[in-house]
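Dear colleague,

Here is the structure I promised to pass on to you. My notes on what I found in it follow below, and I would be glad if you read them alongside the coordinates.

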Amino acid sequence: MSAKLGEILVRENLVTPQQLREALDYQRASGGRLGSNLVKLGMISDDVITAVLSRQYGVPSINLDLFQIDDDVIRLISQEVALKYSILPISKVGSTLTLAMADPTNVFAMDDIKFMTGLNVEPVIASEASIQMAIGKYYSGSTQIDIFDQAIAFDVEKLKNGKNGKIGKNGMANGTGTGLAEGDLDVKLDEFDFQTNEHEEFEVVEDNEEIDLAMLARASEDAPVVRLVNVLMVDSLRRGASDIHVEPYEKDFRIRFRIDGVLYDVMHPPMKLRDPLISRLKIMSKLDISEKRLPQDGRIKIKVKVDERSRELDFRVSTLPTLFGEKVVLRLLDKDKLMLDMTKLGFEPESLEKFQRAIANPYGMVLVTGPTGSGKTNTLYSALQTLNTPETNIMTAEDPVEFNLQGINQVQMKEQIGLNFAAALRSFLRQDPNIILVGEIRDFETAEIAIKAALTGHLVLSTLHTNDAPSTISRLVNMGIEPFLVATSVNIIQAQRLIRRICKDCKEEVHMPAEGLVEIGFKPEEAASIKLYKGRGCETCLKTGYKGRVGLYEVMEVTDDLRELIIIGASAIELRRKAIDGGMITLRESGLCKIREGITTVEEVVKETVQ
């Protein structure tokens, strides 16, 4: 291992041959691993070594600082064994134990752990230093202690003297906010004044300040903070945003909206509002404001009156510790935007017919694939709504449950208590289901149970993260599912993307050289005559030229010909070729159809698809 690692580091110019020789000499004198010795000598960082090993052995790398490991998992391996092999148990799912290792090639360690625990071992790579620190933390019961500079701690007495909700020296106030008052909601974002008056003073809370939680909670209720949060939430709805990003940096505090899949800078509030605003969001989502070192997930449900109409807003909230504070992302789950009519999602007629035929089957598996934010959940909910009748028992396992659907039994996953997709699926099979939706197939265990359910008279709908429909077969086989089981259980695989629509209010014709159109997939005779459109930019579309989104769909029906190829282990390229011969419309062709119809632009299709 040492020689190979050294050769890779020299080949990639990460260390010089001279440095490698010095490290090998040091290793011969002191022992230990080459990577650890390179780090000790200051020639390279832990992160680089971990990344190189991850690439070299095809094993994922992890950052142990981001994990909170259960005591039950830690107890599976003794401290002596953990120190002996420089390993740490991370999680246990079913009969599989995920093991952080400094050396993923140490088969003796893995065999010992298998023998001691009776579990299958799945290795991941972590740096030796981080494993040693984690062993000290979890086995010795040591905890991290924050040390603060008392010279700059809060002056509590000054804060106590504040009156009438006036903001004191550190941006804290005695007055409290009124929550989402209706009057606060009529303020437009660009008209909102965040400047303080002459009676109000703020100071930036530095990272090494000791924060009194009670004071921070009170600060989050200050009128400016409450109004800012109110305005952000309501304006995100008015502008049609899907996400709000609250991002703290060293000398900047930025808020962005994701509108039609693209992030736009909305505002840069004063740094003095950073901690109170983030605390306000955490309080509203019932999160722990004292926990700033670990990611947290929550939800905000509120009713507001917007534009003379009462609306119920549902935000999914995620916090993540970053270098200069917690980044908060709010996903707006707007029921009004949930499109449950499959004919309006953007399917080509033949693709829609194939998909509807597949979900009408009494058993088998329907898979929807694509990256995060490609509309997979909407497609599956639309399918469920089509199938939702009084005679049908539909059960879903989701993480998280995004929308409540009447007449469908939805289950929220809770990993911390052992309720994962595999556990939920096992229970579903004892609940007499007709149709099962699994939010995502993430591992072998979930895939195995889902396929067994599909083969025993249930219709199973689920999602995977793959680039296109044919590569989904390879993904399932790589997970450990036998090819003959994949071939017999899967009815249809659909890959999808979301692209922006041209704004109808400023749509105008544009010209593009025919050679460019041929290059992206149009036939020469069509390229010479096709009409192209683009949005000029107006008030309706916020000068972007786009308003709303539409789906691109690649629907691969698993025919008998494809089943034969899957059973003999054909590659994704061969499956793709056979599916196209059988009439499959690819994502790029679906995009070209949208260009022909004047729905979107060439740029949008090229950005999201490949030929």
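**An open sheet and its helix**

Strands β1, β2 and β3 form an open sheet of 3 strands in the order β1-β2-β3, with mixed pairing (two strands pair if DSSP finds at least two bridges between them; helices, H or I with at least four residues, and strands, E with at least two, are DSSP runs numbered from the N terminus). Its edge strands, each pairing on one side only, are β1 (87–93) and β3 (120–125), and the twist from one strand to the next averages 30°. Between β1 and β2 (residues 96–101), which run antiparallel, there are 6 bridges, and P89 has L99 in β2 as its bridge partner. Helix α8 (residues 128–139) lies across β1 and β2 and runs at about 70° to β1 (axes are lines fitted to C-alpha atoms, for helices over the stretch in contact, and angles run from 0 to 180 degrees between N-to-C directions; contact means heavy atoms within 4.5 Å).

Residues are numbered from 1 along each chain as its sequence is written, and side-chain values use heavy atoms, with hydrogens and water left out. The protein chain averages a pLDDT of 80, and 85% of the residues score at least 70 (pLDDT is the predictor's confidence in each residue, from 0 to 100). Confidence in the protein chain is highest in β10, at a mean of 96, and lowest in helix α9 (residues 156–160), at 31. Over residues 141–211 pLDDT stays under 50; where pLDDT is low, the predicted coordinates should not be read in detail.

**An enclosed strand**

Of the 13 residues of strand β15 (residues 490–502), 11 are buried, so β15 is largely enclosed by the rest of the structure (buried means under 20% relative accessible area, exposed over 50%, partly exposed in between, with a 1.4 Å probe and protein chains only). Strand β10 (residues 364–369) runs parallel to β15 and is joined to it by 5 bridges, with L367 standing opposite I493. Strand β18 (residues 546–557) is antiparallel to β15, with 10 bridges between them, and V550 in β18 is the bridge partner of I499.

**Helix α15**

In helix α15 (residues 421–428) the buried residues are F421, A422, A424, L425 and F428. They cover an arc of only 160° around the axis and therefore sit on the same side of α15 (the arc is that of the directions from the helix axis to the C-beta atoms). The buried residues of α15 pack against β11 (394–398), β12 (409–412), β13 (435–438) and α16 (444–455).

With best regards
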